[in-house]
Amino acid sequence: MHIGREEVPLVGQLPRIADVDLPYTPPPVAANLTAISGANPQCPAQFQRSTLNAVPATNALLKKTKLPFALILEPYLDEAKGTVPVVEDTIVSRCTRCKTYINPFVHFTQGALKWQCNMCGLENDAPSGFDWDVIKQQQADRWQRAELNHGCVDFVASAEYMMRPPQPPVYVFVLDTSLHAVQSGVIGLAADAILQALDHIPNEDGRTKVAFLTADSAVAFYKLTGDEPEILVVGDLADIYLPRAATDLVVNLSECRPLLQDMLARMKDMFTPNTAPGTNCLGTALQAARKLLAPTGGKIVCFQVSLPNVGEGQVKPAPNDQKAVLDAALMTPSTAFYKTFAAECTKVQVCADMFLFGAPYADVATLNVLPRFTGGQTHYYPHFSAADASDRRQLQQEVRRLLAEKIGLEAVMRTRCSPGLICKSFYGNCTTRVPDIMALPNVPRDQSYCIEVGIEEDIATPVVYFQTALLYTTCFGERRIRVLNVALPVTKNLPDVFAAVDQVAVARTLCHQAIDKAATSKLKDGRDLLWRSTADICHSYSKEVGGSAGTSQLTVGRTLSILPLLVLSLLKSETFSEHATIPIDSRSQTTVLLRTLPLSSWIDFVCPRFYALHAMPPQAGTVDPQTNQVIMPPRMNLTSEKLEQHGCYLIENGQRMYVWLGKAAVPPLCKDLFNVPDISHIKSGKVVSLPTVASDISQRVSAVIQHLQEQRQDAYYPALYVMREDDDPVLRTSALALLVEDRHPSGPTNAGANQQDMNSGMSYYQWLGFLRSKNGK
């Protein structure tokens, strides 16, 4: 994504919304830097991106830019997002000094008998297997080897990389069966969702195992061997034990399938309000699940409706609202139990995922601690209704997506870098082991990680290298090492640094830093970090590149054109907004999404898509024959000024989709899209899908919506709402909140330059005035 020095004056102009979708490509590499000319040495952008694609030669130069230096990693994407070549002969050659894996940037010396490490310069012996295929007993061509030709490869690991035989995928389901859960109807729906997902669970080699626990006033184990399911109840919450051998309780999915289907079918009616206790011993049930998984490792999948209130891991029944919003820390857990338990899980390669159905309070901040440190995910349904077909479909889809993921198991990830550089901070759902290892009991296909880089010593070389290695086990029992390589040029010229910025990666890194600051201090400090960093970056560009340090101008390079919009969107998000009316669980779940979503989903969550459906180009909503993907309409600026009373629009952020119909929408549009005579027949609310109508616009709009719902990189399924402009005021407010360029009704009415502090209600123009007034201060 190298764009020439094109200056963009921000003040008085709408943000260049199309720049959100600018493609990112790693910088080109000179032929003399690689072992083989014509290779693809750089790791593809979908797996790894750098905030800076021209690295400052000194830390002093980096500080002048005010830009963060970080890598955004998505190392284990679904195969559909990128195919990774596999080195299958288990020849894994590494530098004997720094342990760097052989890669396209090494050089062969001494008649190709040695290879010189690109990280530390040491010469290492070239493996004999590079030139002789032991299996086929014939000459081999080393120059065709994947690890010398591709920046991202998978090595099939040899026995030295295994502490034990590769673990099978093991899933332990923990269901809340307290009175509140029974009354909500979630138990039957969760059982049905699991039942429908069984065929999608990775089990090609027939090794996958499952177990079931339920929790209320006691922990119930389900024995899935013999002629029929057997329930074994343990009421000792202080010292939980397994009532049978783990082999009777954790059973092979293929072998126990009939019993499992029988049990899940019975679960829909097994629990009644008359017999269900009002207590939930989640913490104790989790301890039991860990005992079941300790021999192998695996995944705990929890469905929780009520708060844990007996046994270990009890949480407070209501949030602590003593402090003002800005003075309170973000995501503060109400008990230390779950972090301690997460550390125990990580040691035995156990991950946890949470499905939380909380009303009025689910304590997402506390229960998310377990997925946070074990590599799991949290799904939150604040207003779930078992009677709502749309809610049922969302749950079903998200359970299926989560269980269908071909996750990596028992993984560790480490990033090495050239001398003078250091990995100093790590963000994402993992446990960090000193000094630089990220432990991941599970590696989901759809999560993002961020590693902040520091410059410890001046860099004298023209290029620096980064290599990330992910050691993991596949679902089909193969130990592998995924290696990602990237080379970045070094410069002493500040304009070069700014010309090669990845502004989306910069915004993502600032978001991580701000969340960390708000969690360890208070929300105001996180907000201040966001706006001050943005003002400092704009000022630095003006001073060092544009030649103007005055407050009269706010001009940046094209590579920073949407950074102010992205940061404003973050400040308006439920994570960073100062509005006290935001429910604490909604604030927490928004924070979870900002921390974990893959970059393609994150950018849509922060900067929603806004389309004019009634004015789509003719090709929008049709399939591109070259990519086989649905062609999207052009993005519009996120302002209500684009809304016309006769129009129909789609506003979506990956979690919610709104089909907005203007109050003057004409009858033909209503007929062609909703199969009703006029707008008065359209009712606002949540829907499973739009009506199927035999019209061109209906088919194309449905294709766009279906693509956005189903072709996502993450495990979330966005809810769909239809709304008339003059109908439901709550829906209207919720949809308009996604138009982040507008001033919030409660926002300031005077100019941004007159604001002493950042206000989340500012319009984009007020925000620019605020930034300009703070420029250099």
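Student: Is Tyr721 buried or exposed, and what is its relative accessible area?

Tutor: The model is predicted. Buried means under 20% relative accessible area. Tyr721 falls under that cut-off, so it counts as buried, with a relative accessible area of 15%.

Student: Which kind of aromatic pair do the rings of Tyr658 and Tyr721 form?

Tutor: The ring centres lie 5.3 Å apart, with the planes at 20°. Planes under 30 degrees apart count as stacked. The pair of Tyr658 and Tyr721 is therefore stacked.

Student: How many residues apart in sequence are the parts that Tyr658 and Tyr721 tie together?

Tutor: Tyr658 lies in strand 30 (residues 656-661). Tyr721 lies in strand 32 (residues 719-724). The pair ties together parts that are apart in sequence by 63 residues.

Student: What is the angle between the planes of Phe610 and Tyr649?

Tutor: Phe610 and Tyr649 are both buried. Their centres are 5.8 Å apart. The pair is tilted, and the angle between the planes is 40°.

Student: Where does Asp131 lie, and which residue does its side chain meet in a salt bridge?

Tutor: Asp131 lies in the loop between strand 8 (123-125) and strand 9 (132-133). Its salt bridge spans 2.6 Å, N to O. The partner of Asp131 is Arg142.

Student: Which helix holds Lys268, the salt-bridge partner of Asp192?

Tutor: The closest N and O atoms of Asp192 and Lys268 are 3.1 Å apart. The pair links distant parts of the chain, 76 residues apart. Asp192 is in helix 4 (residues 186-197), and Lys268 is in helix 6 (residues 257-270).

Student: What is the relative accessible area of Asp436, which meets Arg414 in a salt bridge?

Tutor: The side chains of Arg414 and Asp436 meet at 3.0 Å, N to O. Arg414 is partly exposed, at 32%. Asp436 is buried, and its relative accessible area is 14%.

Student: Over which ring does the charged end of Arg445 sit?

Tutor: A charge over a ring must be within 6 Å of the ring centre. The charged end of Arg445 is 3.9 Å from the centre of its ring. That ring belongs to Tyr76.

Technical notes
Residues are numbered from 1 along each chain as its sequence is written. This is a predicted model: local features need pLDDT of at least 70, side-chain atom pairs count only at pLDDT 80 or more; totals for chains, interfaces and linings use all residues. Side-chain values use heavy atoms; hydrogens and water are left out. A salt bridge is a side-chain nitrogen of Lys or Arg within 4 Å of a carboxyl oxygen of Asp or Glu. Helices (H or I, at least four residues) and strands (E, at least two) are DSSP runs, numbered from the N terminus. Buried means under 20% relative accessible area, exposed over 50%, partly exposed in between (1.4 Å probe, protein chains only). Rings of Phe, Tyr and Trp (its six-membered ring) pair if their centres lie within 6.5 Å; planes under 30 degrees apart count as stacked, over 60 as edge-to-face and the rest as tilted. A charge sits over a ring if NZ of Lys or CZ of Arg is within 6 Å of the ring centre and within 35 degrees of the ring normal.
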